[in-house]
Amino acid sequence: MGLKDFYKRQITVAHIFGIPVRFDYRWFVVFLLSVWLIAMNLARGGMYVGQVQLLPVSVAAAWALAIVTTIGLFLSVLGHELSHALMGRAEGIEIEEIVLHPFGGLARLRNQPESPRAEFRIAVAGPAASFLFAAITFVLMVPAMMAGYQTAGGVLLLLCAGNLLLAVFNLFPGYPLDGGRVLRAILWRRTGNIKEATRMAGICGMLIAAVLIIFGVYMAIAPSFRSYFMGFWSVLVGLFLFDAAYSVVKTVQG
C-alpha cells in the first residue's frame, strides 16, 4: 500500500487554529495497546521508568493512569506537529491538515517552503516543542518525587522520556524526519537545487530506515535482547519510513 492510500484512511476529530486534525483509524489500535501495556505494568508494579520502579496500584487506578499517560503521549505528538504547522503558517504556507497515525504524526503543507531558511525553521519547530514539553514534565516530576508521589512522578518521567525520544528520533538526518528536512535545507542552500537536496535527504532516509529494520530484527532474535514487541515495532517504523523516503526519491527523479 502506498502513502496515498494510507492517508485516505482517517477521520477528522478536531480543528485547531482552523487546521483539521485527523486520526488514521489504526491509531486507535496503538492507543488501546499502549493503554493495556501501561495498565498491566502499573497494576503489578513491574514498570520501570529509567531507575524508577512505579509502585503497584489498584486495577482501576492503573487503567486510569494508563489512559492519562497515553493521552499525554499522543498530545505530545500533536503538539509536535502543531508546532510545524504554526511555523509553516508563519512562513506564509497554508496548512492542509495534521494527521496522527500509528507511527507518529504529519503536518501536511499545501505547498513547499520557498527558501532553505523557511524549510529549516519549519523543520526544527517540532523537535524544539518536544524538548520544551520534556523540560516541563521533568520540572513537574521533581517536586512530585520529592513529595513522595512516586507513581505520579513516574508517569511524568515517562512523558518526559517520550518527548525526548520523539525529539531525538526526529532529528535523525533522513527525510521525511525533521532532521532530514534540516539536511535538505542545508543542501538546498549549498547547491541551490531543491530537487537534488530532496533526493539526497531521501536517500539518507532510506538508509536510516534500513538500519531501523535491521536493528529491529536483531532485537527480536539476539539473546541479549529477545524483545519481540520492540523489535517488531522498530521494523514497522523502518518499513514506513523507507516507503515514505523511497516515494520522495522516486518523485524527484521522475
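**View 1. Glu97 is a buried residue in strand E5 of this predicted model.** Its relative accessibility is 3%, and buried means under 20%, so Glu97 counts as buried. Glu97 forms a salt bridge with Arg22. The closest N and O atoms of this pair are 2.3 Å apart. Glu97 belongs to strand E5 (residues 95-101) and Arg22 to strand E2 (residues 19-24), so the bridge ties together parts that are 75 residues apart in sequence. How accessible is Arg22? Its relative accessibility is 21%, so Arg22 counts as partly exposed.

**View 2. Arg108 also forms a salt bridge with Glu97.** Here the closest N and O atoms are 2.8 Å apart. Arg108 sits in strand E6 (residues 104-109) and Glu97 in E5, so this pair ties together parts that are 11 residues apart in sequence. Arg108 has 26% relative accessibility, so it counts as partly exposed.

**View 3. Glu119 and Arg184 form a salt bridge between two helices.** Their closest N and O atoms lie 2.8 Å apart. Glu119 is part of helix H4 (residues 116-146), while Arg184 is part of helix H6, so the pair ties together parts that are 65 residues apart in sequence. Are these two residues buried or exposed? Both Glu119 and Arg184 are buried. Elsewhere, shared partners join the salt bridges of Arg22, Glu97 and Arg108 into one network. The model has eight salt bridges by the rule used here.

**View 4. Four strands make an open sheet.** What is the order of the strands? It is E1-E2-E5-E6, and the pairing is mixed. Strand E1 (10-16) and strand E6 are the edge strands, each pairing on one side only. From one strand to the next, the twist averages 25°. Strands of a sheet pair through backbone hydrogen bonds, either parallel or antiparallel.

**View 5. E1 and E2 form a hairpin.** The two strands pair in the antiparallel sense. How many bridges link E1 and E2? There are six. Ala14 stands opposite Val21 in E2. Two residues lie between the strands of the hairpin. In this hairpin, Phe17 takes a positive phi near 55°.

**View 6. E5 and E6 are antiparallel partners.** Six bridges connect E5 and E6. Look for Ile95, which stands opposite Leu109 in E6.

**View 7. Helix H3 (residues 59-90) lies across the strands E1, E2, E5 and E6.** H3 runs at about 165° to E5. The helix has 32 residues. From its first C-alpha to its last, H3 reaches 46 Å. That is close to the 46 Å expected at 1.5 Å a residue. Just after H3 comes Gly92, with a positive phi of about 85°.

**View 8. Asn163 is a buried residue of helix H5.** Its relative accessible area is 1%, well within the under 20% that counts as buried. Which side chain makes a polar contact with the side chain of Asn163? It is that of Ser76, at 3.0 Å. Now leave aside the neighbours of Asn163 within four places in sequence. Asn163 is then in contact with Ser76, Ser130, Phe133 and Ala134.

**View 9. Asn193 caps the N-terminal end of helix H7.** A side-chain oxygen of Asn193 lies 3.0 Å from the backbone nitrogen of Lys195. H7 covers residues 194-221, which makes 28 residues. At 1.5 Å a residue, the helix should span 40 Å. Its end C-alpha atoms are 41 Å apart, which agrees.

**View 10. Helix H7 has a set of buried residues.** Among them are Ala197, Thr198, Ala201 and Gly202. Further along H7, the buried residues include Gly205, Met206, Ile208, Ala209 and Leu212. Gly216, Met219 and Ala220 are buried too. An α-helix has 3.6 residues a turn, so residues three or four places apart point the same way. What covers the buried residues of H7? The cover includes helix H5 (150-170), helix H6 (178-191) and helix H8 (228-253).

Notes
Residues are numbered from 1 along each chain as its sequence is written. This is a predicted model: local features need pLDDT of at least 70, side-chain atom pairs count only at pLDDT 80 or more; totals for chains, interfaces and linings use all residues. Side-chain values use heavy atoms; hydrogens and water are left out. The expected span of a helix is 1.5 Å times one less than its number of residues. Buried means under 20% relative accessible area, exposed over 50%, partly exposed in between (1.4 Å probe, protein chains only). Contact means heavy atoms within 4.5 Å. A polar contact is a pair of N or O atoms within 3.5 Å; within protein, one must be able to donate a hydrogen and the other to accept it, and residues adjacent in sequence count only if both atoms are side-chain atoms. A salt bridge is a side-chain nitrogen of Lys or Arg within 4 Å of a carboxyl oxygen of Asp or Glu. Two strands pair if DSSP finds at least two bridges between them. Axes are lines fitted to C-alpha atoms, for helices over the stretch in contact, and angles run from 0 to 180 degrees between N-to-C directions.
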